[in-house]
Amino acid sequence: MDLEYGPEYQEFTKKVQSFCKQYEGLSFKDRANTPLVSSGGSGGPEMHRSEWQKILIENGYFARSVPKEYGGYGGEADIIKSRIIAAEFSKSKTPTPMGGQGIDMLVPTLLEMGTEEQKQAYIKPTLHGEMIWCQGYSEPNAGSDLASLQTKGELVGDEWVINGQKIWTSTAQYSQMCFCLVRTEPDAPKHAGISYLLIPMDTPGIEIRPLVDMTLKPGFNEVFFTDVKIPEGNIIGKRGEGWAVANATLGHERGSLAPPDATMNRVNMLIHLMKKETLDGKPLIEHPIYRDRLMQIQGKVLAQQSHALRLLSAKLNPGTDVKIGQMIQKLTGTELRHELEGLAIDVMGEIGTLYEDSPHLKNDGTWQFIYMYFLGLIIGGGTSQIQKNIIAERGLGMPKEPKIQGA
Amino acid sequence: MYFGLSEEQSFFKDNVKKYLEDNASLDQIRKIASNDETSIGKEIHQGFLNLGVNGLLIPEEFGGLGLDLLFAAVVSESLGTCVGPVPYIAPYVMAPTAIMAAGNQAQKENYLTKIASNEILVGVGFSEFIGSRNDAGLTFADGVLEGRAMFVMDAQVATHFLLADNLGQMFMMDAQASGLEIVSLTTIDKTRQYAEIICKDAPAELLELSGLSSDPISKSIDAGRIMLAADTLGASQAMIDQAVDYSKERKQFGRAIGSFQAVKHMCAEMVADLEPCYALVWHAAHCHDSSPDEAKLMACHAKAHVSEMGKGIAKKATEVHGGMGFTDLLGLHYWFKRIGVNRQMLGSPELVREEAMQSQL
């Protein structure tokens with residue numbers, strides 16, 4: 001056990017700290033298009049989000065290991081430096097870089113499997129926040145059973161003609177592009193008939209209908225494709241290989257949904273809230289039952305934080321088997337975050353039901369919002385129940401359900 | 001940066017496990033549990049000591065191996081895996097930790113050297129410092145102890161006792177001293193022994209520094225709690241492994257029960273609950289030695305959290321076995337009970353979480 005990063009990283013940590021200090025309180029001229037990205041601070045410099053992305057890239061605090069020619073920083077992949085950057089940003093009041101499905105999922109996929117031309121065309125504007133992507137995976141009849149998707153793509157001349165419907169498409173209304181799973185080989189077995197297509201969202205024939213979720217924000221959309229024509233070359237991988245390409249990106253998503261350090265930041269916010277808020281004039285942190293529940297959650301988050309260190313260490317020291325340890329992350333991370341946000345609501349009692357712009361609202365209503373939002377993340381990206389199937393079948397080697405004919 | 005067990009620690013852990021699998025099979029444990037043959041327990045204990053367990057934490061200057069608490073934790077994990085019927089946490093972890101922290105030079109030389117050379121075996125009873133049940137408690141004056149100490153660990157095989165009052169003062173006693181009565185307490189877990197010790201004008205020696213501060217006893221209890229967490233970790237993993245294996249073999253409705261989602265999900269939940277516990281226990285053990293600011297918090301959370309996860313796993317793993325899980329024939333209940341006792345000893349989860357809260361206010 002050696003939890004020191006070594007002297008060569010001390011200098012780096014100081015550099016990151018002084019950068020964060022320089023941009024502390026940075027605020028944005030343009031609004032965020034998803035509620036979970038940094039809303040910016042106050043009292044610091046003001047700029048557009050894409051300018052901030054560029055500054056972060058130039059300094060190597062974002063897109064660190066993406067080659068320069070594609071718009072990245074062009075540094076060596078260094079897991080420890082990435083972790084130091086994340087830790088120092090989360091400690092400071094400096095906004096974090098933009099995320100989103102283009103940055104978190106498409107860019108790694110392109111780097112791994114895209115053609116040179118695709119990398120040149122898409123990675124840079126995506127990293128700069130100038131090209132927003134949405135993910136066209138789920139369909140009304142293809143949720144947990146994603147591979148049964150039916151949106152059709154037919155090659156006519158040198159164009160794909162796409163017809164069908166996608167659902168749960170986050171940020172479609174702001175997106176320039178969609179990475180989309182489409183059935184292009186109708187006669188092949190279900191997993192082998194899918195291709196991974198890149199669709200410009202301004203192509204004629206695309207209709208977007210917002211889908212308001214329980215938070216009362218249009219977090220999702222339905223996207224309808226009617227004779228949508230795109231060039232033949234807008235495909236990652238070969239025809240029929242889309243399932244493998246998509247699985248690579250799902251891996252990226254499952255790890256990044258609920259990092260334990262972010263959850264621990266919320267635990268610390270909750271402790272602060274419980275010291276400040278009162279019941280019958282007494283701070284809530286002095287009420288034994290709430291305090292015990294707080295400690296239960298803190299214990300769980302500490303376990304997940306330690307677990308994350310173990311996984312980090314396994315990346316640095318190849319040969320360590322943490323297969324099951326990785327599989328549990330989406331399940332445990334999202335469930336725990338939901339539980340924690342729910343505890344804050346219980347602690348506030350009636351006050352915890354206030355929403356939107358109500359008087360007496362605490363912490364801008366983030367507890368209420370994230371409590372509901374994380375129920376969405378528990379369901380999305382492979383439900384908790386699907387995660388349990390994966391852990392049992394792929395992790396523990398338990399037998400699959402008998403196949404039903406024709407399914 | 002490396003987070004995990006060293007090669008030596010993994011090797012030691014496997015060694016202890018292999019020794020117990022070879023020498024303390026479930027058949028042997030059943031005999032010990034039914035009190036039929038007391039000599040079996042002694043033989044297993046002797047072989048266990050031959051691995052070097054008694055001197056694990058004791059500094060080399062006193063004849064020990066001077067290893068860290070993570071080493072001790074992996075031994076505890078293997079004991080949990082095999083429901084090992086040997087004294088461990090009290091005599092070889094808590095007692096040395098307490099004496100190192102609270103003994104004066106003469107006391108350290110005397111007791112640590114004898115523990116390392118296996119001349120003495122120290123039973124430990126700190127329950128009344130954590131929280132007194134049935135009005136038990138000890139008072140010390142003029143070199144003698146009065147009162148009762150409950151749930152003294154490994155008292156039946158001990159040559160010495162290390163007991164504490166409610167202030168955290170710790171006292172060494174010779175088990176043969178006058179004024180001592182040892183009353184065995186039968187718990188659900190027959191793999192380890194507990195007793196009540198009644199002191200009437202019984203001579204005792206104060207560990208010097210424990211008279212000045214409760215830090216030393218607190219440190220020993222932290223170490224004990226991490227060991228109990230590690231024991232539950234090993235026992236829980238063993239229950240999961242047995243449940244998963246059984247689910248692949250047992251057939252109902254024409255298929256292995258492990259192919260039903262109801263069973264799969266129970267197994268996946270057990271794994272998802274337990275997997276982060278490894279890192280938590282290791283991290284707590286590391287902080288105990290290297291990060292005093294976090295040590296208390298980590299030890300408390302390791303004990304409380306692993307106890308909670310273990311309780312759920314003990315129930316679910318039994319349920320996966322159906323009726324067989326409930327029988328004595330299968331013997332799964334030895335692990336169930338081990339986890340149950342670990343949960344209550346040295347502070348139940350609620351008490352320990354309250355300490356965790358106080359450590360950060």
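Start with H10(A) and H12(A): H10(A) passes H12(A) in a left-handed crossing, meaning the near helix is turned anticlockwise from the far one by less than a right angle. To find the pair, select residues 329–348 of chain A for H10 and 384–395 of chain A for H12. Helices here are DSSP runs of H or I with at least four residues, numbered from the N terminus. The two pack at about 150 degrees, with axes 9 Å apart; axes are lines fitted to C-alpha atoms over the stretch in contact, and angles run from 0 to 180 degrees between N-to-C directions.

A word on the model: it is predicted, so local features need pLDDT of at least 70 and side-chain atom pairs 80 or more, while totals for chains, interfaces and linings use all residues. Residues count from 1 along each chain as its sequence is written, and chains are lettered from A in the order written.

Now show Lys330(A), Leu331(A) and Glu335(A), which meet Ser384(A), Gln387(A) and Lys388(A) (contact: C-beta atoms, placed from the backbone, within 7 Å).

Next, colour chain A by domain: 8–98 is domain 1, 108–245 domain 2 and 257–395 domain 3, with bounds from an automatic or database domain assignment. The C-alpha centres of domains 1 and 2 of chain A lie 29 Å apart.

Finally, jump to chain B and select 215–249, helix H8, with 35 residues. Is H8(B) largely enclosed or open? Of its 35 residues, 29 are buried, so H8(B) is largely enclosed by the rest of the structure (buried: 20 or more other C-beta atoms within 10 Å of a residue's own, C-beta atoms being placed from the backbone).

Terms used. The expected span of a helix is 1.5 Å times one less than its number of residues. A residue is buried if 20 or more other C-beta atoms lie within 10 Å of its own, exposed if 12 or fewer, and partly exposed in between; C-beta atoms are placed from the backbone. Two residues are in contact if their C-beta atoms, placed from the backbone, lie within 7 Å.
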